[in-house]
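Hi everyone, thanks for coming.

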2 protein chains.
Amino acid sequence: MVVDTKTPESADLIFHALSDATRRDILLRCLEGEYSVSTLASYYPMSFAAVQKHVAVLEKAHLVTKRRRGREQMVRGDVVVAIEQTLAVLEQFETMWRSRLDRMGQILRETTTQGGVP
Amino acid sequence: MVVDTKTPESADLIFHALSDATRRDILLRCLEGEYSVSTLASYYPMSFAAVQKHVAVLEKAHLVTKRRRGREQMVRGDVVVAIEQTLAVLEQFETMWRSRLDRMGQILRETTTQGGVP
DNA sequence: CGTATCTACAACCATATGGTTGTATGTTAT
DNA sequence: ATAACATACAACCATATGGTTGTAGATACG
């Protein structure tokens, strides 16, 4: 069975957004409180435009939202939906992982019971 | 305060590895059981070499390991450490998120004790 | 009004990514 | 030994990424 490929999966966007340390840091800050883009930019050793782009990536993944406040654009974390999806994916992995552990345990139990395969 | 930047964070590697649907699918399969690279390749509409590269990305993130079995290279999921790190990062986000919710709840409680907008 | 600030966006650059094909190396089976 | 299979790896290509600078549009302030 072939994998999806047609949809630009939202999981793709979320994981990609989280794959950069600067973006993770921005997200953490914006979960803590609201920050204007220029304020955020002041925290990192890169240009305003670069930070702007990072915010855009987070926005596309629906991890943050922006709202105008006067001449500034306030960024805030909006994780409730997104992180849930991410956790759902990870849980999928965990389920697989656990089921394999279970099977290994099963095999171990069988082999240690020696000869007596139920 | 400036973000890390010096370390090629393992979180970077993990999130990046998970940001591609094909790789997530490969990981799921390899958590379920062992597959040779060529067997894996047969599942996806792309060349053997492409799948090989995807496996390499997963390997670099320590999400899978390979072991030789005859002329094949068997790939298996090795998530125990990696996913824990990923979950740790997400928990960080969740903590921030919750603490903000708490503060919002606090504010709501304060304001509703007053005028009382239902 | 004019000016300073914050933002948006385009153009550009170097490097990384995701894909291809081709070739070389190992391992099994005949 | 030879053929067949599984893998590794290099070279190449198009596009995406992460960064830069520069310019133009809004909005606040004196």
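When I say contact, I mean heavy atoms within 4.5 Å. With that in mind, 41 residues of chain A are in contact with 41 residues of chain B.

A quick word on the source: this is a predicted model, where local features need pLDDT of at least 70, side-chain atom pairs count only at pLDDT 80 or more, and totals for chains, interfaces and linings use all residues. Residues are numbered from 1 along each chain as its sequence is written, chains are lettered from A in the order in which they are written, and side-chain values use heavy atoms, leaving out hydrogens and water.

Now the area. About 3700 Å² is buried between chain A and chain B, and carbon and sulfur atoms give 68% of that. Buried area here is the accessible area (1.4 Å probe) that two parts lose on being put together, summed over both.

What about salt bridges? The rule finds 2 across the interface of chain A and chain B, each being a side-chain nitrogen of Lys or Arg within 4 Å of a carboxyl oxygen of Asp or Glu. In one salt bridge, the side chain of Arg24(B) meets that of Asp12(A) at 2.7 Å, N to O.

Finally, the symmetry. Chain A superposes on chain B by a rotation of 180° with 0.0 Å of shift along its axis, RMSD 0.1 Å, fitted by least squares on the C-alpha atoms of residues with pLDDT of at least 70 in both. The two copies are therefore related as by a two-fold rotation axis. Both copies use the same surface, as 100% of the contact residues of chain A recur in chain B.
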